[in-house]
Amino acid sequence: MEDQDILESVKKELTNYLIEKKLRKTPERFAILEQIYSLKEHFDVDTLYELMLKSGYRVSRATVYNTIDLLVECRLIVRHQFGTNMAHYEKAFQNESHHHLICTQCNSVNEVKDDEIHDLIQSKKFNKFTLTNYNLYMYGICSKCAAANRKNTIHK
């Protein structure tokens, strides 16, 4: 699906959700949705707020926070807690299954796609439970931090 087609689909999803919940279809909500779906990486609310201002769209920080919560509720974005205090988000619609590698030193997050892990989890049978989706977070030390650690050890 092309980016424009995805954007139109998520706008329809949001519209349907707002109608179902009897919420207003404000231009701010749709502008925030468009900004999110233009991003390629994870984001936090403050970064999104700054991007909205840079793009010339005047929106309050409260509106951004409230819209983020709304988009999580209607499953157009996913909230992640990668071990830091700040929540991060990513678009959820048509997002391929992937896993997150989180460095415990620099807090960098890298996405990896591993079909073997995905297939293993999807084939797993759980007693009295049907799996619909999942998140996998793997914590460790990235290669940059590992190299810096080795360098610091040698120089001591």
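## Largest pocket

The residues that line the largest pocket comprise five nonpolar, 10 polar and five charged. This pocket belongs to a predicted model, and its volume is about 500 Å³. Its lining is made up of 20 residues, and those nearest the centre are Val78, Ala92, Asn133, Tyr134 and Asn135. Strand E1 (77–80), strand E2 and helix H5 (115–123) are the elements that contribute two or more residues to this lining. E1 supplies the largest share, four residues.

## Second largest pocket

The second largest pocket has a volume of about 350 Å³. It is lined by 18 residues, of which Asp3, Tyr37, Leu39, Lys40 and Lys91 are the closest to its centre. Helix H1 (3–20), H2 and E2 each give two or more residues to the lining of this pocket.

With four residues, H2 gives the most to the lining of the second largest pocket. By class, the lining of the second largest pocket divides into seven nonpolar, four polar and seven charged residues.

## Overall architecture

The protein contains six helices and five strands. Read from the N terminus, these elements follow the order α-α-α-α-β-β-β-β-α-β-α. Along the principal axes, the C-alpha atoms fill a box of roughly 60 × 45 × 30 Å.

## Packing of H2 against H3

Helix H2 (residues 27–38) packs on helix H3 (residues 45–54) at an angle of about 105 degrees, and the two axes are 10 Å apart. Because of this angle, H2 is roughly perpendicular to H3. On the H2 side, the contact is made by Ala31, Ile32, Gln35 and Ile36, while H3 contributes Leu48, Leu51 and Met52. In terms of class, the contact of H2 with H3 has six nonpolar residues, one polar residue and no charged residues.

## Packing of H1 against H4

The axes of H1 and helix H4 (residues 61–73) cross at roughly 95 degrees and come within 11 Å. H1 and H4 are therefore roughly perpendicular to each other. Leu14, Tyr17 and Leu18 of H1 meet Leu70, Leu71 and Glu73 of H4. The contact of H1 with H4 has five nonpolar residues, no polar residues and one charged residue.

## Surroundings of His88

His88 is located in strand E2, which covers residues 88–91. The side chain of His88 reaches the backbone oxygen of Met86 at a distance of 3.3 Å.

When neighbours within four places in sequence are set aside, His88 is in contact with His42, Phe43, Asp44, Val78, Arg79, His80 and Phe82. One of these partners, Val78, is also listed among the residues nearest the centre of the largest pocket.

## Surroundings of Thr104

Thr104 lies in the loop that joins strand E3 (99–103) and strand E4 (109–112). If residues up to four places away in sequence are not counted, Thr104 touches Tyr139, Gly140 and Ile141.

Thr104 and Lys91 are 13 residues apart along the chain, and their C-alpha atoms are separated by 24 Å. Lys91 is one of the residues closest to the centre of the second largest pocket.

Conventions: Residues numbered from 1 in each chain as written. Predicted model: local features only at pLDDT ≥ 70, side-chain atom pairs only at ≥ 80, totals over all residues. Heavy atoms only, no water. Polar contact = N/O pair within 3.5 Å; in protein donor to acceptor, adjacent residues only side chain to side chain. Contact = heavy atoms within 4.5 Å. Axes fitted to C-alpha atoms, helices over the stretch in contact; angles between N-to-C directions. Parallel < 35°, antiparallel > 145°, perpendicular 65-115°, else oblique. Nonpolar A, V, L, I, M, F, W, Y, C, P; charged D, E, K, R; others polar. 1 Å grid on protein atoms, 1.4 Å probe; cavity = no way out; pocket = protein on both sides within 12 Å on 5 of 7 lines; lining within 4 Å. Points joined across faces, edges and corners; volume = space filled by probe spheres on them.
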